Amino acid sequence: MKKYAIGVDYGTLSGRALIINAATGEELASSVYEYPHAVMDRALPDGTPLKNDWALQHPQDYLDVLEHTIPAVLAESGVNPADVIGIGIDFTACTVLPTLKDGTPLCFLPEYQNRPHAYVKLWKHHAAQDKANELNRIAAARGEKWLANYGGKISSEWAVPKIWQILDEDPEIYEKMDRFIEAADWIVWQLCGRETRNSCTAGYKEIWNKKTGFPSEEFFAALDPRLAKLPDEKFSREITPLGSRAGFLTAKAAALTGLPEGIAVAVGNVDAHVCVPAAGIDGPGKVLAIMGTSTCHMLMGTEEVQVPGICGVVEDGIMPGFFGYEAGQSCVGDHFAWFIDNCLPASYYEEAQAAGINIHKFLREKAQREKPGESGLLALDWWNGNRSVLVDVDLTGMILGMTLQTRPEQIYRALIEATAYGTRMIVDNFKEGGVPVEEFVASGGIARKDPMMMQIYADVLNMPVRVTSTSQGPALGSALFGAVAAGKEAGGFDSIFEAARAVDTSRDIIYRPIPENAAVYDKLYAEYKTLHDYFGRGENDVMKRLKAIKNAARG
């Protein structure tokens, strides 16, 4: 009798569930639920205003995802809930929240519903940049060896700067919380009734190392004496490896989801990392770019190499037995959406409507008529800061070369090209750092929907780009881990490697570089790199000065 597994992928604006055949990885049905509270970056639900660079979410939205999407995929697939053997989840990270010791989020308490620091801090909450800057300064001054594992900088997106901001700005919330926990681990807690901390988020986002553990008490005290016992008081030293079973579905979670009580629940994971086996990757040397509102670049290696500017290298951080490397770009899909929402003339919408196509396709058709270099434009892809390789959220976007003849589709194409140049910076940085890159794989909605963009990436990288056929890479990966948590005896898999090899990649699309385009893009990339270093490595900090003036003007 066939058995099934479910994966739930929590993104920036929505959550989605996918049900698969637990033995083959075949996808059967999926469902998406948009977060009612979306991203709170201007005000809390009661109208309490938020300052610049805040990005919060409401944890009730995460529970609502389970309640809506899982019954939907069961109904659509026709699967008997009794035949579901496991469930896995992943989250965009670092997305963290303060809770009581029983897992209750502080924002659920009436007395804290108007307190911003009681809510979930989304991955792109950048208001702790000053804390990240100070953390990096102190770590470097102390000669902390672990800093090099994170490319020499801890991002403001990671857990320690975020909790330090809470301590500094709302110490009452800091004292009230018993746990500061990744949303990935929190939702698993709600499913199986016990707290677990997965090795992926602990390693990449909380400065934990499999061999050495957390940084010393002396380091945390150097940040602030009140943080001295942070790992013990607010985190946990009990870290669970990926591929493990966190527990079994509780009666309460079963009632919420429509699944049977007692099925296996996999430990939490990160959306980008969990996507690797879903792409059929089971070894080193293959970069996977998960492309959405932002892009994460995942790569496995056989050795621990300290590469400047990456987000982190973690042993067993992606799949057991390998060192997992992470890099990323903070603005990709957001980049293009911003342009379409703010910079197109009404005539473009009218033409698109007359042609019977949506504005995205209309603009793409215009942009793909342009030859590489024809517009004379060059852009920097820093509309939401730079994650890799500069690790600086205070950098901003730029377009160079515009004239009175510049058309919207040329700007749009230049923005796409800018993200490709940023990806090449990351790939080249891995190679120069001593981590081999032999293949480039792309996953996510953008990769599947935009052939022009993927051809640009192949030309800019000057290497083939394989685009995965799945439309739900993270959800598929989570479902595979759910099948691993159940085990082969129950109808799943005994290892994530076995699961990865079962994924059907025969329908993947391969884009190959066009030599004449690659030659032009080599020249443009050289110019991009010059601008990248000039504005990003301290020679000209005009972007930061402008941001400081903006913040002062806003008060």
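# A tour by selection

Select Ile-207, which sits in the loop that runs from helix H6 (199-205) to helix H7 (217-223). Helices (H or I, at least four residues) and strands (E, at least two) are DSSP runs, numbered from the N terminus. The model is predicted: local features need pLDDT of at least 70, side-chain atom pairs count only at pLDDT 80 or more, and totals for chains, interfaces and linings use all residues. Residues are numbered from 1 along each chain as its sequence is written, and side-chain values use heavy atoms, with hydrogens and water left out.

**Two positive phi values**

Stay on Ile-207: its phi is near 60°, a positive value in a residue other than glycine. Most residues other than glycine have a negative phi, and most peptide bonds are trans. Is Ile-207 buried or exposed? Ile-207 is buried, at a relative accessible area of 3%. Here buried means under 20% relative accessible area, exposed over 50%, and partly exposed in between (1.4 Å probe, protein chains only).

Next select Asp-53, in the loop between strand E3 (27-34) and strand E4 (56-57). Asp-53 also has a positive phi, near 70°. Its relative accessible area is 35%, so Asp-53 is partly exposed.

**Two cis peptide bonds**

Move to Ala-93 and Cys-94, which are joined by a cis peptide bond with omega about 10°. Cys-94 belongs to the loop between strand E5 (84-91) and strand E6 (96-99). Then go to Ser-388 and Val-389, where a cis peptide bond has omega about 15°. Val-389 is in the loop between strand E18 (378-380) and strand E19 (398-400).

**A helix pair**

Select helix H1 (residues 59-77) together with helix H5 (residues 183-192): their axes come within 11 Å and cross at roughly 55°. This angle makes H1 oblique to H5. Axes are lines fitted to C-alpha atoms, for helices over the stretch in contact, and angles run from 0 to 180 degrees between N-to-C directions. Angles under 35 degrees count as roughly parallel, over 145 as roughly antiparallel, 65 to 115 as roughly perpendicular and the rest as oblique.

To see the contact (heavy atoms within 4.5 Å), show Pro-59, Tyr-62, Leu-63 and Leu-66 of H1 with Ala-183, Trp-186, Ile-187, Gln-190 and Leu-191 of H5.

**An enclosed helix**

Now select helix H10 (residues 271-278). Eight of its eight residues are buried, so H10 is largely enclosed by the rest of the structure. Among them are Asp-271, His-273 and Pro-277. Gly-280, which follows H10, has a positive phi near 75°.

**The seven-strand sheet**

Finish with the open sheet of seven strands, in the order E16-E17-E15-E14-E20-E21-E22, with mixed pairing. Two strands pair if DSSP finds at least two bridges between them. Which strands stand at the edges? They are strand E16 (312-315) and strand E22 (509-511); each has a single partner strand, so one side of each is left without a neighbour in the sheet. On average, neighbouring strands are turned by 25° against each other, direction ignored.

Inside the sheet, zoom in on strand E14 (residues 286-291) and strand E15 (residues 295-301), which run antiparallel and are joined by four bridges. Ala-289 has His-297 of E15 as its bridge partner.
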